[in-house]
Amino acid sequence: MRIKQRPEDFSVKESYRFDEVPGALFRVYLMDKQKLSTFEAVDRIRDAFGLKPGAISFCGLKDKQGRTEQIIAVQGSDVDVQEANLRLKYLGRTDKPLSAANITSNRFAVTVRSLDESVLGPLNGAAAEVNRLGVVNYFDSQRFGSLKHGQGFIAKDLIRGDFEAALRNYFAKPSELDRTEDAKVKQFWRENWGRWDARVPFEGSKKYHRILRSLRDHPGDYVRAFLQIDADYRAMLLFTYQSYLWNEGVRRYLQLLMPREHLFPLRYQAGTLLFHRDASPEALRTLRDATFPLLGPDSTFKNAQVEEAVQWVLGREKLALKDLRIEESPRLLFFKSEERPVLVFPHKLVLGRPQRDELNRGSIKSNVAFTLPPGAYATLVVKRLFHFSWREDSPADIRASQRPRLTEVEQAEAPRAPEPRARPSFERAAPGRAAPGRVAPGRSAPERSRAPGRAASFRPAEPPPPESPSPPPPGYRETQRIKKEAKQRAQAETAAKSSKSKKKK
């Protein structure tokens with residue numbers, strides 16, 4: 001099975017509310033995006049209009065690989081973006097930044113592809129289990145992109161007090177799966193670590209400008225440099241590790257609460273998750289009301305099994321609760337403790353009628369739609385429904401899927417072969433003889449290859465060499481740079497003409 005083969009295969013629409021206040025400081029927009037993470041979309045808007053960090057607030061993070069709608073609030077500026085993969089629609093004004101409290105729910109519509117007809121029977125049974133038992137409210141693989149790209153848990157570096165390692169993992173450790181310019185920037189700083197005055201030959205280095213400026217002014221002060229990362233992203237780096245601890249703790253909690261035969265495993269980016277396919281009435285009542293803490297140094301426990309599960313996962317990580325504190329900057333870098341429901345129940349779950357899959361020959365596809373509360377992962381619901389055929393993509397699978405596109409990019413970036421030069425006169429064919437590669441007048445191509453006394457053997461004409469692919473269109477930032485340079489040239493030409501006319505007078 002496959003999901004997200006096309007952006008429209010994974011659609012998310014945010015249900016929201018905000019207090020509209022005419023003339024207030026914050027302008028609210030509905031952001032429609034695809035092939036962009038929420039952070040990437042916000043950075044693009046901020047760079048295009050010269051907004052300061054923190055000027056754009058949002059309610060939650062939406063998937064990069066899909067078509068998503070969510071609201072954002074821009075402080076003090078009127079913006080407008082209408083591009084193929086990013087559009088804004090003005091909704092009104094409000095008097096404060098947006099937060100998770102502004103989301104009421106998310107409605108998902110997912111197309112699951114590359115299915116065999118044999119899954120249709122188990123699918124109906126799995127849907128009945130989901131409606132009755134719910135889905136364990138884990139954090140899914142997209143939360144752990146830093147593991148997929150080889151950066152690890154940067155929060156662990158911070159807990160150890162190794163801010164230099166945290167910075168290296170953040171912007172000097174390129175991913176072998178990343179084909180964007182950002183990977184080239186990271187490779188550059190991997191090779192030039194400590195040479196902060198080195199000039200980066202890539203436009204994508206702009207996002208690290210504040211960090212590099214801090215390192216140039218204060219070499220060796222890695223704490224100060226790390227704090228130049230946007231506050232929202234800093235919080236996400238800590239939350240990623242909290243999410244992993246939560247997943248591992250809940251997995252252990254289920255093992256303490258339920259017999260092994262009621263559980264089944266499912267691989268994901270950070271390891272293995274456990275789901276329940278059955279539960280006793282008592283266990284189900286417990287799970288329906290249960291919460292598990294996102295851990296911080298001040299976390300407390302009312303349930304003995306929850307506390308046992310927490311101690312188990314902290315022991316595996318060789319940590320104690322008091323270690324979840326970053327002494328170098330406790331006010332700006334901290335683990336916030338809060339409770340998260342153990343189960344989530346999808347509302348209005350609908351399974352579409354199976355259809356022929358136009359992208360995968362010989363397979364079928366099925367549409368699934370449901371509504372989830374904020375913070376829950378739709379991909380987990382889909383994996384739970386299709387658990388009998390789901391398999392997490394390995395790095396090798398991801399590289400294989402990137403191969404055709406990567407080949408095109410490499411061909412476009414490769415230097416073109418030089419044009420063949422004209423032959424000098426002494427290499428030209430003598431009278432009565434054909435030049436190499438040409439046919440003499442009056443003789444056909446088959447006759448030219450015929451040896452005396454032997455029948456001619458037909459050799460098909462070789463196909464013309466493939467045309468070199470046209471270079472890819474410039475990206476958004478490159479387009480903005482070209483426009484800026486063109487504007488500066490036009491201003492310079494106008495100023496030059498003006499000065500010449502004044503001299504003549």
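In helix α5, Phe163, Ala165, Ala166, Leu167, Asn169, Tyr170 and Phe171 are buried. The model is predicted. Its protein chain holds 15 helices and 16 strands.

**The chain as a whole**

- The protein chain has 505 residues, and 42% of them count as buried.
- Among contacts with a separation of 6 or more, 74% join residues 24 or more positions apart.

**Helix α5**

- Helix α5 covers residues 163-171. Because 7 of its 9 residues are buried, the helix is largely enclosed by the rest of the structure.
- What do the buried residues of α5 pack against? Their neighbours are α4 (154-160), α6 (181-191), α7 (209-217), α8 (222-226) and α9.

**Asn247**

- Asn247 sits in helix α9, which spans residues 231-257.
- Is Asn247 buried or exposed? Its relative accessibility is 0%, so Asn247 counts as buried. The cut-off for buried is under 20%.
- The Asn247 side chain reaches the backbone oxygen of Phe139 at 2.9 Å.
- The side chain of Asn247 also makes a polar contact with the side chain of Tyr268, at 3.1 Å.
- Leaving out residues up to four places away in sequence, Asn247 touches Tyr138, Phe139, Phe144, Tyr268 and Leu273.

**Strand β7 and its partners**

- Strand β7 runs over residues 103-115 and pairs antiparallel with strand β1 (residues 2-3) over 2 bridges. Within this pairing, Arg2 has Arg113 of β7 as its bridge partner.
- Strand β2 (residues 10-16) is joined to β7 by 7 bridges, and the two run antiparallel. Here the bridge partner of Phe10 is Val110 in β7.
- Strand β16 (residues 364-372) pairs with β7 over 8 bridges, again in the antiparallel sense. Phe108 stands opposite Phe370 in β16.
- In a regular strand, side chains alternate between the two faces of the sheet.

**Positive phi angles**

- Lys4 is not a glycine, yet its phi is positive, near 65 degrees. Lys4 lies in the loop between β1 and β2. Its relative accessibility is 22%, so Lys4 counts as partly exposed.
- Lys318 also is not a glycine and has a positive phi of about 55 degrees. Lys318 belongs to the loop between α11 (304-316) and β12 (338-341). With a relative accessible area of 74%, Lys318 is exposed.

**Salt bridges**

- The count comes to 24 salt bridges. Side chains of opposite charge can pair when their charged atoms come close.
- Glu358 forms a salt bridge with Arg6, with the closest N and O atoms 3.6 Å apart. Glu358 lies in the loop between β15 (355-356) and β16, and Arg6 in the loop between β1 and β2, so the pair ties together parts 352 residues apart in sequence.
- Both ends of that pair are partly exposed: Glu358 has a relative accessible area of 35%, and Arg6 has 32%.
- Which residues are linked in a network of salt bridges? They are Arg6, Asp9, Arg113, Asp357, Glu358 and Lys365. Arg113 of this network is also the bridge partner of Arg2 in the strand pairing.
- Arg160 and Asp157 meet through their side chains in a salt bridge, at 2.6 Å from N to O. Both lie in helix α4, 3 residues apart, about one turn of the helix.
- An α-helix has 3.6 residues a turn, so residues three or four places apart point the same way.
- Arg160 is exposed at 56% relative accessibility, whereas Asp157 is buried at 6%.
- Asp323 and Lys322 form a salt bridge through their side chains, at 3.6 Å from N to O. Asp323 is partly exposed at 26% relative accessibility, while Lys322 is exposed at 62%.

Terms used:
Residues numbered from 1 in each chain as written. Predicted model: local features only at pLDDT ≥ 70, side-chain atom pairs only at ≥ 80, totals over all residues. Heavy atoms only, no water. Helix = DSSP H or I, 4+ residues; strand = E, 2+ residues; numbered from the N terminus. Buried < 20%, exposed > 50% of the residue type's maximum accessible area, 1.4 Å probe, protein only. Polar contact = N/O pair within 3.5 Å; in protein donor to acceptor, adjacent residues only side chain to side chain. Contact = heavy atoms within 4.5 Å. Pairing = 2+ DSSP bridges. Salt bridge = Lys/Arg side-chain N within 4 Å of Asp/Glu carboxyl O.
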